[in-house]
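Dear colleague,

I am handing over the structure below, and I would be glad if you could look through it alongside the notes that follow.

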Amino acid sequence: MKPTRRELLALGMAASVTTLAQDNNEIPVRDGVPRVDYHAHPEADMTVDRALALSRERGVKFGLVQHAGVKGGTSSAELVGNDDELMAWIRSLDGKPVFRGIQAEHMNWMSAFSKDAIAKLDYVLGDALTMPDKSGALVKLWTPAFHTDNATEFMDRYVDYHVEVMSKQPLDILANPTFLPEVLQADYDRLWTDGRMRKVIDAAVKYRMAIEINSRYRVPRLRFLTMAKDAGLKFSFGSNAHTADAIGNIDYGVEMYRELDLKLDQFFRPRRLRNVG
């Protein structure tokens with residue numbers, strides 16, 4: 001029985017990605033677009049080996065990240081929280097065709113690790129989605145429990161927090177940029193004014209931050225991305241996925257890459273590649 005066209009295409013995709021993936025220093029490209037998900041979490045229903053199988057199947061190279069920071073909160077069991085745990089994470093990926101990263105949790109995460117240990121990573125990403133409220137208590141902006149009585153005041157603090165996140169942490173990628181809580185999403189275009197976007201973009205330029213194009217939340221929108229491109233920023237793709245059904249979804253990133261007419265030199269390269277090629 002002859003294979004169908006879809007099966008042939010899938011085989012061709014898998015073969016091309018497998019060839020590229022054998023070199024850990026490769027960023028695979030298909031149809032002129034880089035195929036890397038830098039925001040992939042191997043947890044929940046997924047082992048590293050399962051993630052690698054999905055990478056080959058979907059034609060997307062993964063940057064695997066663990067949440068990392070100071071233990072002590074309700075989610076501390078999930079955190080990589082010291083040098084020994086971080087080095088164990090890095091060793092678990094040795095020789096595998098992936099990039100190695102962490103997602104920094106909270107502003108004090110650096111105190112949990114030595115500079116030498118962090119330097120062995122390919123990159124660190126972080127976001128502004130766990131933000132202190134006016135009393136200083138941390139609020140998870142992605143949960144339905146979030147509410148605000150004053151959207152304008154929240155946005156001003158939120159923009160300032162984006163700047164603080166970039167200025168006080170050694171990050172490489174700003175993840176989930178311009179995300180809004182559910183109760184504010186309908187007003188995205190009104191709340192993300194040019195002035196607010198410019199403030200975030202200027203900080204990203206100053207601190208040499210790449211901008212993640214996030215497929216889970218479909219952010220940032222084109223207006224922000226156009227301003228970021230004009231400012232000379234680089235971009236990464238991220239699924240922000242924790243489950244097998246969503247990891248490797250970079251569809252929105254690919255769509256925006258084409259819409260912006262980006263080039264390969266405008267795509268984020270991990271530390272180990274910056275002096276390669």
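This is a predicted model: local features need pLDDT of at least 70, side-chain atom pairs count only at pLDDT 80 or more; totals for chains, interfaces and linings use all residues.

The protein chain holds nine helices and 11 strands, and of its 277 residues 48% count as buried. Among the contacts in the chain with a separation of 6 or more, 74% are accounted for by residues 24 or more positions apart.

Turning to the helices, the axes of H5 (residues 151–168) and H7 (residues 194–206) come within 9 Å and cross at roughly 10°; since angles under 35 degrees count as roughly parallel, H5 and H7 are therefore roughly parallel to each other. On the H5 side the meeting involves Thr-152, Met-155, Asp-156, Val-159, Asp-160, His-162, Val-163 and Met-166, while H7 contributes Arg-196, Lys-199, Val-200, Ala-203 and Ala-204. Sorted by class, this contact of H5 with H7 comprises seven nonpolar, two polar and four charged residues.

Helix H8 (residues 222–230) has Phe-224, Leu-225, Met-227 and Ala-228 buried. Viewed down the axis of H8, these buried residues fall within an arc of 160°, so they line one face of the helix. The partners against which the buried residues of H8 pack are H7, strand S10 (210–214), strand S11 (235–238) and helix H9 (251–260). Just after H8, Gly-232 adopts a positive phi of about 90°.

As for the aromatic residues, a search of the whole structure finds 12 aromatic pairs. In one of them, the ring centres of Trp-109 and Phe-113 lie 6.4 Å apart and the ring planes are at 50°, so the pair is tilted; both Trp-109 and Phe-113 are buried. Ring pairs also link Tyr-38, Phe-99, Tyr-123, Phe-237, Tyr-257, Phe-267 and Phe-268 into a cluster.

Finally, there is Gln-66, which is found in strand S4 (residues 61–68). With a relative accessible area of 16%, Gln-66 counts as buried, because the cut-off for that class is under 20%. Leaving aside neighbours within four places in sequence, Gln-66 is in contact with Pro-42, Glu-43, Val-80, Trp-89, Gly-101, Ile-102 and Gln-103.

With kind regards

Methods. Residues are numbered from 1 along each chain as its sequence is written. Side-chain values use heavy atoms; hydrogens and water are left out. Axes are lines fitted to C-alpha atoms, for helices over the stretch in contact, and angles run from 0 to 180 degrees between N-to-C directions. Helices (H or I, at least four residues) and strands (E, at least two) are DSSP runs, numbered from the N terminus. Angles under 35 degrees count as roughly parallel, over 145 as roughly antiparallel, 65 to 115 as roughly perpendicular and the rest as oblique. Contact means heavy atoms within 4.5 Å. Ala, Val, Leu, Ile, Met, Phe, Trp, Tyr, Cys and Pro count as nonpolar, Asp, Glu, Lys and Arg as charged, and the others, Gly among them, as polar. Buried means under 20% relative accessible area, exposed over 50%, partly exposed in between (1.4 Å probe, protein chains only). The arc is that of the directions from the helix axis to the C-beta atoms. Rings of Phe, Tyr and Trp (its six-membered ring) pair if their centres lie within 6.5 Å; planes under 30 degrees apart count as stacked, over 60 as edge-to-face and the rest as tilted.
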